[in-house]
Amino acid sequence: MKDVNLGIVGLGNVGSGTLTILAENADEIARKLGFRLNVTAVCSRSVKSKNLPAGLAPKLITTDWREVVSHPDVDIVAELIGGTGTAREVVEGAIAAGKSVVTANKELVALEGVSIWKKAEAQGVTLAMEASVCGGIPIHAVLREGIAGDHIETLFGILNGTSNYILTEIEENGSAFNDVLAEAQRLGYAEADPTADVDGFDARSKLALLASLAFGVQLTPGDIPTEGIRRISPIDFHYAKQLDCTIKLLCSARRVEDGLFVSVRPALLSKKTIMAGVKGAYNAVWSRGKFGADTFYYGRGAGPNPTGVAVVSDLMRVARSLHPEPAHRVPPFAYTDLAAAKPLEIGRQHRHWYLRFRITDQPGIIRDLSSILAEHSISIDAVLQLPDLDKQNLPFVITLENSPESAVRAAVEKMSKLPFMVEPPLALPIERGV
Ligand SMILES: NC(=O)c1ccc[n+]([C@@H]2O[C@H](COP(=O)([O-])OP(=O)(O)OC[C@H]3O[C@@H](n4cnc5c(N)ncnc54)[C@H](OP(=O)(O)O)[C@@H]3O)[C@@H](O)[C@H]2O)c1
């Protein structure tokens with residue numbers, strides 16, 4: 001099957017992540033598509049000084065985006081510049097040249113997306129913009145396809161990672177807004193001009209886009225009531241805590257009988273909600289449908305690789321649409337062919353462990369258990385025992401350092417035979433992320 005050729009314009013944070021994934025994950029992408037994606041052209045103002053990932057050999061390396069959009073071999077153009085000036089020219093130039101476009105540009109699509117989409121339709125090409133909201137969370141795909149059958153009533157979002165990071169720092173360390181902002185700027189989490197992030201303008205462009213996808217309406221971002229986080233101080237978190245709440249820059253859209261309430265503003269949020277646990281630079285979207293009830297999506301809102309995944313997934317989606325044969329629609333199992341496989345022997349897996357014993361109390365128990373663990377080269381992490389429990393059926397816990405499951409199972413088997421065991425030990429792995 002014919003390969004699809006890409007032109008990447010903009011090689012900053014998102015462009016560099018996109019190229020890394022296209023280079024390092026090329027074989028896996030080809031297995032999913034059934035054909036290859038080639039990076040045929042790359043462009044940025046300082047392209048000559050960029051180091052391209054190994055394995056990429058573009059035919060065209062240029063500082064002039066016009067050469068990319070007019071290149072006869074380029075099938076899809078990725079606009080990864082940002083802003084509404086040159087980026088708009090790139091997108092419209094590519095469409096005029098009959099190329100499909102992938103963009104990460106929330107500002108452009110929130111303001112001009114509908115008119116750009118009409119131009120793309122008239123030209124018979126595609127526009128895809130997954131990376132424009134919530135970087136690494138595939139929220140466009142969810143709203144366009146995953147839960148398209150539902151009637152969405154409410155949507156809440158934490159859509160700006162910088163402001164969420166700042167609020168989390170104020171809450172956890174009691175620091176003042178200006179101090180946290182200065183630190184975030186020093187660490188590169190916040191821009192030198194933080195207005196778009198802390199005053200809510202970035203979040204409101206994203207909410208306008210999500211509202212189109214969720215409710216089928218075209219909102220002008222400037223019409224969304226917006227308030228930033230500059231006035232939030234440690235004392236507000238102190239009082240919020242008394243109310244069992246936290247404070248988030250909450251993007252909200254609620255459908256009522258005669259329209260939609262939308263806003264971006266700091267709000268108290270019950271600590272009992274899953275949304276309250278979204279901390280630091282993470283993003284999340286929580287939607288409530290009339291039929292499917294609540295669904296929740298969480299992940300990194302920005303960063304070269306998470307956003308790069310969204311761009312590459314869009315490139316794959318658009319590349320498939322260039323192959324009209326049914327075989328190149330999204331395969332139901334994600335890959336075009338499934339390799340026969342057996343799971344790895346689980347005993348090889350290393351995990352931390354929780355061992356819960358029930359014993360008849362007597363001297364020497366810890367000694368006997370530790371000597372069995374030592375025989376199997378397993379180290380103890382902690383021993384936990386609550387006071388005043390029944391000594392004839394005493395529950396206590398030993399946690400173990402990272403150990404192979406086969407050794408832990410063998411040790412548990414041996415421990416089960418000890419005379420003071422009331423029942424075989426309960427062994428549970430402790431999952432601490434992946
Ligand atoms: N950063 C994120 O995590 C993130 C997440 C989601 C969405 N986005 C969106 O993704 C887009 C790109 O963001 P970014 O953070 O990657 O920006 P960035 O780091 O500033 O990169 C912009 C790139 O565009 C190039 N560029 C600017 N003007 C150009 C021109 N006239 N001709 C050719 N190249 C030009 C720059 O070239 P030089 O390097 O040569 O100057 C740079 O390579 C924006 O729309 C942003 O909103 C970003």
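The model on display is a predicted one. S252 is found in strand β8. Show the residues around S252, leaving aside those up to four places away in sequence: S252 touches L155, F156, L207, F261, V262 and S263.

**Along the strand**

Keep strand β8 in view; the strand covers residues 245-256, and T246 is found in it. Is T246 buried or exposed? T246 counts as buried, because its relative accessibility is 1%. Next, display the side chains of T246 and E171, which are joined by a polar contact of 3.0 Å. E171 is one of the residues that T246 touches when those up to four places away in sequence are not counted; the others are F237, A240, A267, L268, L269, K271 and A276.

**The whole protein**

The C-alpha atoms fill a box of roughly 85 × 55 × 45 Å, taken along the principal axes. The protein has 14 helices and 15 strands. Of its 434 residues, 44% count as buried. Consider also the contacts in the protein with a separation of 6 or more: residues 24 or more positions apart account for 70% of them.

Colour the chain by domain. Domain 1 is made of residues 4-136 together with 305-328, domain 2 of residues 139-301, and domain 3 of residues 346-430.

**Between domain 1 and domain 2**

Select domain 1 and domain 2 together. Their centres, taken over C-alpha atoms, are separated by 28 Å. How many residues does each domain bring to the contact? Domain 1 gives 15 residues and domain 2 gives 17 residues.

The size of an interface is often given as the accessible area lost when the parts come together. Between domain 1 and domain 2, the buried area is about 1,300 Å², and carbon and sulfur atoms give 67% of that area.

Next, look for the polar features of this interface. Eight residue pairs in polar contact are found across the interface of domain 1 and domain 2, along with one salt bridge. Select K106 and D202 to see their side chains meet in a salt bridge, with 3.0 Å from N to O.

Helix α5 gives the most, with six residues. What kinds of residue make up this side of domain 1? The residues divide into eight nonpolar, three polar and four charged.

**The last stop**

Finally, select L418, which lies in the loop between α14 (405-416) and β15 (421-430). L418 counts as buried because its relative accessibility is 17%. Show D368, L369 and I372, the residues that L418 touches when those up to four places away in sequence are not counted. To end the tour, draw a line from the C-alpha atom of L418 to that of A214: the two residues are 204 residues apart along the chain, and these atoms are separated by 60 Å.

How values were computed:
Residues numbered from 1 in each chain as written. Predicted model: local features only at pLDDT ≥ 70, side-chain atom pairs only at ≥ 80, totals over all residues. Heavy atoms only, no water. Domains from an automatic or database assignment. Contact = heavy atoms within 4.5 Å. Buried area = accessible area lost by both parts, 1.4 Å probe. Salt bridge = Lys/Arg side-chain N within 4 Å of Asp/Glu carboxyl O. Polar contact = N/O pair within 3.5 Å; in protein donor to acceptor, adjacent residues only side chain to side chain. Helix = DSSP H or I, 4+ residues; strand = E, 2+ residues; numbered from the N terminus. Nonpolar A, V, L, I, M, F, W, Y, C, P; charged D, E, K, R; others polar. Buried < 20%, exposed > 50% of the residue type's maximum accessible area, 1.4 Å probe, protein only.
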